[in-house]
Amino acid sequence: MSLESKLEQLGLTLPEAPKPVAAYIPAVTSGKQVIVSGQLPMQNGELISTGKIPSQVSIEDAQAAARQCVLNALAVLKAELQGDLSRLVRVVRIGAFVQSDDDFYGQPQVANGASEFLLELLGDAGRHARAAVGVNALPLNASVEVEFTFEAD
Amino acid sequence: MSLESKLEQLGLTLPEAPKPVAAYIPAVTSGKQVIVSGQLPMQNGELISTGKIPSQVSIEDAQAAARQCVLNALAVLKAELQGDLSRLVRVVRIGAFVQSDDDFYGQPQVANGASEFLLELLGDAGRHARAAVGVNALPLNASVEVEFTFEAD
Amino acid sequence: MSLESKLEQLGLTLPEAPKPVAAYIPAVTSGKQVIVSGQLPMQNGELISTGKIPSQVSIEDAQAAARQCVLNALAVLKAELQGDLSRLVRVVRIGAFVQSDDDFYGQPQVANGASEFLLELLGDAGRHARAAVGVNALPLNASVEVEFTFEAD
C-alpha cells in the first residue's frame, strides 16, 4: 500500500509543508539523500506542544508532538519530490531533540512517537537509525524537534 | 562572483583554518560530501563570545558568533578542497547548537546569523537544511557551535 | 593490522551488538555510508556511567563511557557488515552528546575518550569529523551518547 493510501486509511492527510521559521530551506537533496530540516510540532501554523517534559508536558503529549513532526517532514519530503512520495526508498536517520527537565531520562519513549509512526506508515522502509537526546530549550518553546534523512530515487 | 571575491567585497578575509580543540580532524570528505567538524566562534585563537543567551550574551552578539563559525568553516573547507573554493557546489546542512538559558527559545534568530551569512556569501548555493537547538553547555563555554555538511565536486 | 587483531592485542573483544532501547534499528546503510544509532555506554546490558559531569561523574569515567560507546558501535557495525569489519573504509563523523552540569565546558575532553580510541584502533582510517556538545539530560541517565557515520565498501 502506498504511503498516502496508508495515511488515508488512518484518517490522516499531509499538512501543507510547514514554512521554516527562519532563513533556511525545508529540504535539500544531496545525491540520493534528502535532508529535511528540524521539524517542530506545528499544526495549522501553531505549536501543539510547548514546554519541558514532564513538568510542563506529559510524555503522551510529547509523543503526539513527535508524530506531528513526522507528518510535517513527510509534507516537506513530498514537496521536495515534486509531489511523488513513491520515490521514497527509505528513512535513513532521525535526530530527536526532546525539551527535558534536568532529571528526565525518557527521551527514547518520546522519540518513539516518531519512530513507531514511521514504521506504521512505511513498514520496513520506515526503519531508521536514530539519535535521541535531551536539551534544555528548543525553538519557540517546542517540546520536541525532529530532523530527518531520507533516501529517494 | 566567486565566494572569495564576495568576501573581499565585504571587507572580509578567511582566517587560518582553526585547529580542532581535540583529537579529531577539521573535515572529512565522503563521496561528494565534505563534513566539517563543529566550529566554535574562534577569532585569532580566542573565542569572541562565551556564555549563555540571553543572560550572559545578547542575541546580536550570538548572531555575530554564528557568523564567525561560518568564516571558520569556510576556511576549513578551503583547506580540505586544496585551496580551491570554486569546487564548492552547495551547502547541504548546518547543525546549530546555541548555549541557552532554560527559558530562551530564540535559537532560530541566533542560527540565522549563520544562515543569512551563507545566503549572502553564496546565493542559491548557500541555501541549506538546518537543525537549531538549545543546549545548556558548550565546549570552552562558547555561546554557539555550528557544524556543516557541504557538497563539492 | 586488522581492527580485530588490534582489539585482541589490547585485550578487548567486541560485545554483542547492543539492542536499541526503542523502536528503531542499530544501523542503516545508505550508499557507502553506514549510520549507527546513538550508542549509550552499555556493558553486559547495564550502563557503566550515569549522571551529569562533573558533579556526578568524573571526566575520567565519562571518557571510559565514551570508549564503551565506540566498542558498542563497532559491534553494531560488524553486524551490519555481515561480520566483515575489513569492509570498513573509515570513520566519517561522530556526534558526541555529553550530559553536563550547566557550568561544565570540557565536552571535548570527554569526547576525546571516543576520538582517541578510534585513532588507536584504526589509525588514519579512524580520523573523523566531530561535533561535541553538552546536554542537560540523556536517555536512561547515560552520561554520554555517541552516534557514528562510517564509510564502508
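What rotation superposes chain B on chain A?

1. A rotation of 120° does it, with 0.0 Å of shift along its axis and an RMSD of 0.0 Å. That is the relation of a three-fold axis. Copies are superposed by least squares on the C-alpha atoms of residues with pLDDT of at least 70 in both.

2. Please read this as a predicted model: local features need pLDDT of at least 70, side-chain atom pairs count only at pLDDT 80 or more, and totals for chains, interfaces and linings use all residues. Residues are numbered from 1 along each chain as its sequence is written, while chains are lettered from A and ligands numbered from 1 in the order in which they are written.

3. Chain B also superposes on chain C by a rotation of 120°, again with 0.0 Å of shift along the axis and an RMSD of 0.0 Å. In chain B, the C-alpha nearest that axis belongs to B:V135, at 3.1 Å. The copies use different surfaces: 12% of the contact residues of chain B recur in chain C.

4. Now the contact between chains B and C. Chain B brings 24 residues and chain C brings 27 residues (two residues are in contact if their C-beta atoms, placed from the backbone, lie within 7 Å).

5. On the side of chain B that touches chain C, β1 (27-30), β2 (33-39), β5 (88-99) and β7 (144-152) each supply at least two residues. β2(B) gives the most, with 4 residues. Strands are DSSP runs (E, at least two residues), numbered from the N terminus.

6. That side of chain B divides into 15 nonpolar, 7 polar and 2 charged residues. Here Ala, Val, Leu, Ile, Met, Phe, Trp, Tyr, Cys and Pro count as nonpolar, Asp, Glu, Lys and Arg as charged, and the others, Gly among them, as polar.
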